[in-house]
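Student: I have a new structure to look at. Can you walk me through it?

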Amino acid sequence: MIPLNRIRNFSIVAHIDHGKSTLADRLIQLTGTVQERDMKAQLLDAMDIERERGITIKANTVRIEYPAKDGETYILNLIDTPGHVDFAYEVSRSMRAVEGSLLVVDATQGVEAQTLANVYTAIDADHEIVPVLNKIDLPAAEPERVAEQIEDVIGIDASDACLISAKTGIGIPDVLEAIVKRLPPPHGGDPDAPLKAMLVDSWYDPYLGVVVLIRVMDGTIRKGDNIRMMQTGAKYGVDKLGVFRPAMQDVKELGPGEIGFFTGSIKQVRDTKVGDTITTEKKGCETPLPGFKPSVPVVFCGLFPVDSNEFEDLRDAIEKLALNDASFSYEMETSAALGFGFRCGFLGLLHLEVIRDRIEREYNIELITTAPSVIYHLYMKDGEKIDLHNPADMPDMSKVDHIEEPRIKATIMVPDDYLGDVLKLCQDRRGLQLDLTYVGGRAMAVYDLPLNEVVFDFYDRLKSVTKGYASFDYQMEGYREDNLVKMQILVNDEPVDALSMMVHRDRAEMRGRAMCEKLKDLIPRHMFKIPIQAAIGGKVIARETLSALRKDVTAKCYGGDATRKKKLLEKQKAGKKKMRQFGKVEIPQEAFISALKMDS
Amino acid sequence: MHSGNSWRVVLTENWQRGGFGLYVHWPFCAAKCPYCDFNSHVVPAVDQTRWARALASEVRRAAEETPGRVLSSIFFGGGTPSLMLPETVAVVLDAARQGWVWANDIEITLEANPSSVEAERFRGIAEAGVNRVSLGVQSLRDADLRRLGRLHDVAEAKTAIRVARETFQRVSFDLIYARQDQTLEDWRTELTEALSMGVDHLSLYQLTIEQGTAFGDRFNAGRLRGLPGEDLSADMYELTQELCGAPGLPAYEISNHARPGAESRHNLIYWRYGDWVGIGPGAHGRVTHAHQRRANEGWKQPAKWIEAAEAGTGDRQVSVIDPQNMAGEYLMMGLRIPEGIDLGVLHGWDPQIAPESAIRELEGLGLVWKTETALGVTPEGRLVLNSIVKALLP
């Protein structure tokens, strides 16, 4: 068993592109953990999507042996946490599994909103924090200014920050020494106490089944042990026990302070809950670790195959993905407009995009994604409370007493040149300003915003009004009542279910008008004129009229043309059959895809 | 005295209503126009003696297959049939005269380019027997003629129209409108001028961008600019009806206008879904044999066609059209003319086509009219005829 004082467990907190993965690669490389020839960039980001987007979705870990200058060899366990707000709960659990953090800030950019949220999570977990200023080799680097900013904004001492370039390797040995000298060893921990280990993350491996990443708090876990998950009550035998270097390496036992993995013929990731407490089946510990909560989806949307023949393929893909992602929920949905599909729940917008990308890319299914929605709390006049996931399921408004919607606390950091546009955007989206401060040339605005306004196209608008310079992060802030209504879209007086949405009464006209205008361009002209309306209940709030088709005639048609011209008309007629029929109106599928696009 | 057999021919022709015609395709042009998707070819030299012989032998073969018919029309189309030597025309007409009985008032049309070279040939062509010309004037604006790739100019066209009127009993000319950058007022001026030129038949086509043409390629590449949108095209069409109606040249088909009695009898055969023999490269025919309607199609490549014709037949294929397809063709062609179609004939071929519910809906929109026996398109419906046909097809 390794003495606690020679273990250091840590995570790295950084904004996207500030160099977290590159630093991790350097630490692994410099300590000889991986042979030079096996190195590839961003070792810890396993999925293509993670590498491409520069984000981490699953927690990863690596055990590094480091012979320090004091002559002792230390075991350093790095947990690479998901950095995105969608995975805030997973981040908080990973943080609880370690005692310290490296705060990596790009010396040419400074602190970003996402960094803030994660560093506060680390502070909440009582971490020691070592500031690391990266990219100091670049001419634009301003280490002093950024160090000052860290002290001002975050309130931690940055006077002895490590100055590094993860890319060139400058300063990496100092980082290793700082980990040993400045981060604390694991607290307490009795190897002979009943086993108490935290489930940090889990994922599916095609050869081993579910792999469970754990941090041992107390006691010892051994190969062959029968263990119990205290929250779910599930029991498993430990078939394989090991550590990541970063490849799997078997060990006989893991003691207090150690981080490693086990497998035990667990079939579904769904059976493992992040934050659960693992103990032995017999003589287990009495109380589970605090802070466990099951993950709850907050953003919903419909996923439909563009080609309705691919519905079964989509079902298969969604089921497979759900096996490996306990936080992703789904149920079957039918839409008159889009046919058969699934209503899916996600932890946030990024989670939605990742799942959608994986279905399209790994399963090769083209998808229509309906406008994202959130869960509304409906308080009915008869005292019942309903969670509304899909605007199409909205009951009769006369039976609803009031509606509550989820709110978020958003932190936006932006160069002050763009501040006016950002404030206007937040105001337009029904935001309430909570705080506005300046740090150097950057402003930090904190807003209370309705989540439904954020899931619509807030990110894209924010990016566009700030030319990409703003950073944004949020946390859920609970529910609040507001004047919310269901807006329906009627085409030729027929409601189109896939286009209904919940909106704030004050924003309904604007959204309704925008949708009607868009549909007017997307629906082909028919032989009759078609009213396109947005309505709340029976009241029309926006209207456009698609005028009747004026010209569709073949100018020349003589004897020699008959065969070809008739075939052309038959082909066009067959094409119309592929459209979705709403009363007498045929709407092409592309119209739905374009109308529902989030970025427009 | 009628034999039983010929009596049946008369009956068959009765429902055909359109009479019986001969179409001769001359596939050669001096230059290919960028908008044209017809079967036309530019070659350095044509052996007209050989072509005359091949066309005549095809006419004789077709005549043997259709004994007892009375020929009401002959049409030389192309390509540019005005490039045919008068002798070539004469050889083909001689073969037709020997093959069939001709109606007393037979209409013999030839499509001609209004260039000075061709105008000089009009006399000879008329002497060969042609009594009607259809001139491809296309525009009365020099700049537009150049854009359309035409080899003549407006002055030549006007001379050709004058010479044609002096030479032939009947003269028609074509104009293409809804051209690039053309305004409604531009067209009003141009059409008014055309109507003052004293012809009793005009074919007025909206420019259509066809795939596989030079314009089609430019359009696909996004480089064909200034084409009118749907609303302007519709306005131009409506203006055309208005301007032609006043001097007494109403539309008797979507794009064809004539003084009553001056309609092209040949083209009416197509729209009335009558019988016609098609001769020449890429030509199509529809001929009723023993209660079956046969479609024939000639080889498209001139070299391939002439070899095949010399070996026995220029047809690439001959097939029997089933009743459903007959009904579809009849519907599509017949609704182009104001008299419409006979519903009994249509539903006799295919009871599924043009269902009552679809007719009633279109009637409600004011796009079609219906009597006990006939179905036709209203003037309002003409502009959306394709949509009407699509709604009525099974």
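**Salt bridges and the chain contact**

Tutor: Let's start with a pair: A:Glu453 and A:Arg430 are both buried, buried meaning under 20% relative accessible area, exposed over 50%, and partly exposed in between (1.4 Å probe, protein chains only). This is a predicted model, where local features need pLDDT of at least 70, side-chain atom pairs count only at pLDDT 80 or more, and totals for chains, interfaces and linings use all residues. Residues are numbered from 1 along each chain as its sequence is written, chains are lettered from A and ligands numbered from 1 in the order in which they are written, and side-chain values use heavy atoms, with hydrogens and water left out.

Student: What do the side chains of A:Glu453 and A:Arg430 meet in?

Tutor: They meet in a salt bridge, 3.1 Å from N to O. The term stands for a side-chain nitrogen of Lys or Arg within 4 Å of a carboxyl oxygen of Asp or Glu. A:Glu453 sits in helix H10 (residues 451-465) of chain A, and A:Arg430 in the loop between helix H9 (419-428) and strand E25 (432-439), so the pair ties together parts 23 residues apart in sequence. Helices (H or I, at least four residues) and strands (E, at least two) are DSSP runs, numbered from the N terminus.

Student: How many salt bridges are there over all chains?

Tutor: The search of the whole structure finds 56.

Student: Give me one inside chain B.

Tutor: Take B:Glu356 and B:Arg360, whose side chains form a salt bridge at 3.8 Å, N to O. They are four residues apart in helix H15 of chain B, so about one helical turn separates them. B:Glu356 is partly exposed at 38% relative accessibility. B:Arg360 is exposed, at 52%.

Student: Which residues do salt bridges with shared partners join into one network?

Tutor: The network holds A:Glu405, A:Arg407, A:Arg430, A:Asp448, A:Glu453, A:Arg480, A:Asp482 and A:Arg507.

Student: Now the two chains. How many salt bridges cross the interface of chain B and chain A?

Tutor: The rule finds seven. A:Arg550 pairs with B:Asp231, with the closest N and O atoms 3.5 Å apart. B:Lys390 and A:Asp552 also form a salt bridge, at 3.3 Å, N to O. B:Lys390 is in helix H17 of chain B and A:Asp552 in the loop between E32 and H12 of chain A, so this pair joins two chains. Both B:Lys390 and A:Asp552 are buried.

Student: How many residues does each chain put into the contact?

Tutor: Chain B gives 42 and chain A gives 27. Contact means heavy atoms within 4.5 Å. The area buried between the chains is about 3,300 Å², with 57% from carbon and sulfur atoms. Buried area is the accessible area (1.4 Å probe) that two parts lose on being put together, summed over both. B:Glu230, B:Asn386 and B:Lys390 supply 19% of the area that chain B buries against chain A, more than any other three residues.

Student: Change of topic. Where is A:Ser547?

Tutor: A:Ser547 is in the loop between strand E32 (539-546) and helix H12 (562-577) of chain A. At 36% relative accessibility, A:Ser547 is partly exposed.

Student: What does A:Ser547 touch, leaving aside neighbours within four places in sequence?

Tutor: A:Ser547 is in contact with A:Arg525 and A:Lys529. Its side chain makes a polar contact with the side chain of A:Arg525, at 3.5 Å. A polar contact is a pair of N or O atoms within 3.5 Å; within protein, one must be able to donate a hydrogen and the other to accept it, and residues adjacent in sequence count only if both atoms are side-chain atoms.
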